[in-house]
Structure formats: C-alpha cells, structure tokens
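This report looks at charged pairs, surface charge and backbone details in one protein model. Please have the structure open while reading.

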Amino acid sequence: MNGIGVLLIGGGVLGVVVWLLHKIGRALATILEVLAAAALVFIALWWLLKSLLWLGKQVVTRWRTSLTVVAFMAWWQYLGWLSLAIVTGSVVAVLASWRLIDVVSYDHHCGRFLRSWWMRWAVYARKLPAWLHACGLSIRDETLPVEVTVNLVGRRRLLSRKAASASRAVQVPKVLKVRSGPSWDEVRVQLVPGQKPEDFGEAARALAVARKVKRCQVRELEPNVVSIDFQRRDLLKSAVTSLPVPDLVAPDGLGVDLRHVWSGTTEYGSDWRVPLVGSGAHCLTAGATGSGKNSVMWCPLVSAAPAIRSGVVRVSGIDPKGMELAYGRGIFARYAVTGKQALELLDGLLEEMEARKHEFAGRVRMIPISIEHPLEVLEFDEIGALTKYADRKTRDAIVEKVALLTTQGRASGITVRGYVQEPTKDTVPVRELFPRRVCLRVTSKTHVGMVLGDGAYERGAWANRIGDSEAGVGYVWGEGVREPLRVRAGWVADEEIKALETYVTNCGTHVVGLSDGSGLDRPSTRCSDGLAPMTAWRWPDHEQPAPPELPSQDQISP
C-alpha cells in the first residue's frame, strides 16, 4: 500500500508539474510571439525609415532625376501613357532639330546636362567602381584572424583563408558628380581613407585603358576629392586657324585685353588665352623642329595687332636664324640676329627698365601701360643658340641680361618670350625664371619634366607622344594652371604674317630697310591715312620720335 501511495502521490506531483510547465510554456510562447511580432514590426519600421531616409537623400542629392521620375509617374497615372508619349516625342524632336540648327547653343543650354546625366547613370555609376578596383584604387580591410602555434623551435603564424576572404571589406571611391563636355568627361570621386590623389595620378594610364580612351587625366580638387577626366574624342585633331587680321579691330572699340590674348584652343573646347603683361607673362616654349613653336609666337601677336599698331605694345625680336622673325620684320621695333646685336638689344631693354624704375619707384607697384610707356615684348627665337652655342663671353652676358629681365621686368612692363628645341638646363640656364611654360612635341620623355616640372608626365602631359602632323599641339603648366592643360596654338599662314606687318605699319605700301651702320634695319613707311607708323623708332641710337598722333587708346585694357 505504501508503494502504491507513493506512486499516486508522485504521479499527482508530476501531473501538477507538467500542468505548470504547460501553462508556463504557453505563457512563454505568447510572450515570444509578442516579442517576435514586436521585433518584426521594429525591423519593418527600421527598414521603412531607412528607405525613406535613402529616398530623401536621393531626392535632395539627385533632385533632377527624382523630379523627372515623379513627373513621369504622375503624368502616366493621371493623364495616360498616350499623351505622355506624344509630349515626349515632341520634346525629342525639338531637341534634335535644335541640335541640327545650332549645336553650340544646344550643347551649352541643354546637351551637356543631358549627356552628363546619361554618362553618370549609364556608364560611371555602374562601371567605374569595377575599373577603380581593377586598377588597384580600392581599399581592403586587412584585419584578419591570426593563429599562433608555439613549439620548441619558434612560432609560426597561420592565416585562416576562409576567415580572411570573409572579413575583407572592399571600399571603393564614391562618384560625386559627372560633367560631360564636348570631348571630356569629368568624374569627381571622393577618396576613401588610406588613399591619396597621387595614387590616381599614377593609375591614369590604366584608367584610360579601362575606359577604352586615349587619354585620362587626374586633377586634385580637394584633399579628398579628385577629378578623373576621360577624353572621349580629340577636339585638337584639326588645325586651329588664328584670328583674321581685318577682324581684329572691334567695332565697339573695346580693344585688346593684354592679360588674356587669344592664342588657340584648349582640349576642353574653350579658348586658350595667354597674358602678355602681368603675372605669368614670361613664357618659355620648348619643342622639336616642326612642333609648332612659330604658332605659339605669332598667334598672340596677331591677336594683339591693334595694340601693337597704336603703340601700346612694342615688340622686339632676337632671331639667330635670321629667317623666322625676318618674315614679319616690319612689326619689330628692335631686331637682332648675331650675338653682338642681341647684347645691344638686351642692353636697350635694360636701360628702358632702369629708366622706368627710376621714374615710377615709390609711386606704383606696376607701371601702367600706355603709349608713353608701352609694353615691351621680347620674342627670343631659338634662345639655346645664344645661351649655349655662342662663345663663352657672349653666352654668359646674354644669360645674365635675360635673367635680369625675367626677374625684374614684369613690374616695369617688359615681357620675355623664349623658344628652344633642347630644354636642358645647360641649354637654357634661366628656364626656371619663366613662370609659364609650354611643352610642344619633344623627342624624349625626360624633356617633359625639364619643361613642365617633376610629375608633369605622370599627370598626363605626354608631349613625347604628340604626332608629327599635330603642329601646335602641346601642354601648358604655369601660373594659374595646376594640372597640365593640352592646347593647340592657332596656325598663322605666311599671308597672315604679311597682312599683320601691313596692318601694324599703318597700311604702308612697303618696308624700306635703312642701314644705321650696325647691320640693323628700321622700317620706314608712308601711310595713306597720314598716321605715323609706330615702328618708326630708331635703334640702337635710341632716337625716340614723338608719339604718333593717333586717337586716344584709353579703351585698350592692359
């Protein structure tokens, strides 16, 4: 009986325990269901909030695309697809007609924005991350688990490959903005921690291959933002024609801005303008034979013809070959061929500089350009012929005088523009004194760095790859230009040089060479309008005639 009672009591207790556990289990299940539902609702709300924040961010940062999508959806919903198709087709037809009629106006007001939007979403946002990763421009998280085995000999470090592949997180630079021009795409990306702009500059060639274009250039915009520029097509493939001489006189009388003289076209389709006065006016142009140095020389002179004719600009020329500048001899107030003549010409400029310093010292920091104190522009062709291959005494004297003019002439209104084939330090000892330098086609990769400075080739200044048929194409790197800029100087035909000479000498019938005993000539002309020619200025006797009786040139901006 006792055993039966114990069994009964134990069974009852067990039943109570099971009943309690059942009740507790049901309560726990209910609680877990509630918690699961709450967790599900929380996760749903979290993802909904996150999606709303993402959509809000997209609407703010990409408002044009967002508004376009919303407008299309609303139109489709309320007005139907047929009206949407008709309006869309009409807009496309109008844009296509606009492009056919005036492609410049179309691209300026509409085309570039549509092209930038399409390039961002169809090309760069989708493909650029893979290109950057393939070119080694991504950052991996290298924090890996390590196993260390200790034995009597030493320690051995083992890496878990499975854990390594799972823990490596790849960070790729983010695309911030895309601007698409007629020939270039500018893709701005934000660097990730651990990267520097130089990494992208070194990978420029690999990026060009990945994009399947000829050129890629990297520009630093901010410490953590760079612009990767891809050249889709070459706008400098065809020759650029200089401004025609008859069209140089502006009908509104605004004259010539000597700080922005038209010289050609840039690779971005904009005008290339160079300063003849002020900061960056001293310019050294280097290039092999036939590279187009004469275009860089003559095109700014053609563009500044009204200022030269009026006497606001006075041009001097040193022409060791005695051929290039001699073709337009009439525009040069001073002209030299031999080393002795070059020294006398440089002495004349130095005397002018000292006289101006004595007159304006303490009054102004920059001498105002006027007919009484014209801008003196020295065109020094083949400068290496006299700074390296002349006799030692003449060579040292010319180098010293050119150094004085390039270091002190800017404030005095004197500009030196030199041209050389071999841009080595031995050939041009004063090359560092030229703040603006142009590198045309050269024969060696090392010449690029000699002209434009260290790192220019790595940043995209591939002057040694310029073709023989691309005369006038080169790279600029100087004051105001942080990255190498590809340009093409305007080509000046022989007829244009003669037209320039005739125009500058006040429409004279011809130029008569008058010997002054030094082997140098001065031009003399008779003008149908009765105006005295600006170039009637005797040298080296320094017999300055009275200023020409011309109308006021105050509207010519220096």
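## A buried pair between strands

Arg 417 and Glu 379 form a salt bridge, with their closest N and O atoms 2.8 Å apart. The pair links distant parts of the chain: Arg 417 sits in strand E15 (residues 414-420) and Glu 379 in strand E14, 38 residues apart. The model is predicted.

Both partners are buried. Arg 417 has a relative accessible area of 3%. For Glu 379 the value is 0%. Both fall in the buried class because that class covers anything under 20%.

## A pair between loops

Lys 321 forms a salt bridge with Glu 382. Their closest N and O atoms are 3.9 Å apart, and the pair counts because the cut-off is 4 Å. Lys 321 lies in the loop between strand E12 (313-318) and strand E13 (332-336).

Are the two partners buried or exposed? Lys 321 is partly exposed, at 49% relative accessibility. Glu 382 is buried, at 11%.

## Neighbours and a network

Glu 432 and Arg 431 also meet in a salt bridge, at 3.6 Å from N to O. Glu 432 is partly exposed at 47% relative accessibility. Arg 431 is buried, with a relative accessible area of 12%.

Some salt bridges share partners. Through them, Arg 314, Arg 334, Glu 352, Arg 356 and Glu 376 join into one network. The count of salt bridges comes to 22. Side chains of opposite charge can pair when their charged atoms come close.

Leu 345 belongs to helix H10 (residues 339-360). Leu 345 is buried, with a relative accessible area of 0%.

## Negative charge on the surface

Which residues gather in a patch of negative charge on the surface? They are Glu 198, Glu 202, Asp 454 and Glu 458. Glu 202 lies in helix H6 (residues 197-202). Glu 202 is exposed, at 65% relative accessibility.

## Positive phi angles

Most residues other than glycine have a negative phi. Lys 212 has a positive phi of about 65 degrees, although it is not a glycine. Lys 212 is found in the loop between helix H7 (204-211) and strand E7 (215-222). At 78% relative accessibility, Lys 212 is exposed.

Glu 382, the partner of Lys 321, also has a positive phi, near 50 degrees. Glu 382 sits in the loop between E14 and H11. Glu 382 is buried, with a relative accessible area of 11%. Lys 212, in turn, counts as exposed.

## The whole chain

The protein has 14 helices and 20 strands. Buried residues make up 43% of its 558 residues. The accessible surface comes to about 30,400 Å². Carbon and sulfur atoms hold 61% of that surface.

How far apart in sequence are the contacting residues? Among contacts between residues at least 6 apart, 66% join residues at least 24 apart.

Technical notes:
Residues are numbered from 1 along each chain as its sequence is written. This is a predicted model: local features need pLDDT of at least 70, side-chain atom pairs count only at pLDDT 80 or more; totals for chains, interfaces and linings use all residues. Side-chain values use heavy atoms; hydrogens and water are left out. A salt bridge is a side-chain nitrogen of Lys or Arg within 4 Å of a carboxyl oxygen of Asp or Glu. Helices (H or I, at least four residues) and strands (E, at least two) are DSSP runs, numbered from the N terminus. Buried means under 20% relative accessible area, exposed over 50%, partly exposed in between (1.4 Å probe, protein chains only). Contact means heavy atoms within 4.5 Å. Accessible areas come from the Shrake-Rupley method with a 1.4 Å probe; for residues, only the protein chains shown count as cover. Patches are made of residues with over 30% relative accessible area and no salt bridge: like charges are joined within 9 Å, nonpolar side chains (Val, Leu, Ile, Met, Phe, Trp, Tyr) within 5 Å. Lys and Arg count as positive and Asp and Glu as negative; His and the chain ends are not counted. The place of a charge is taken as NZ of Lys, CZ of Arg, CG of Asp or CD of Glu.
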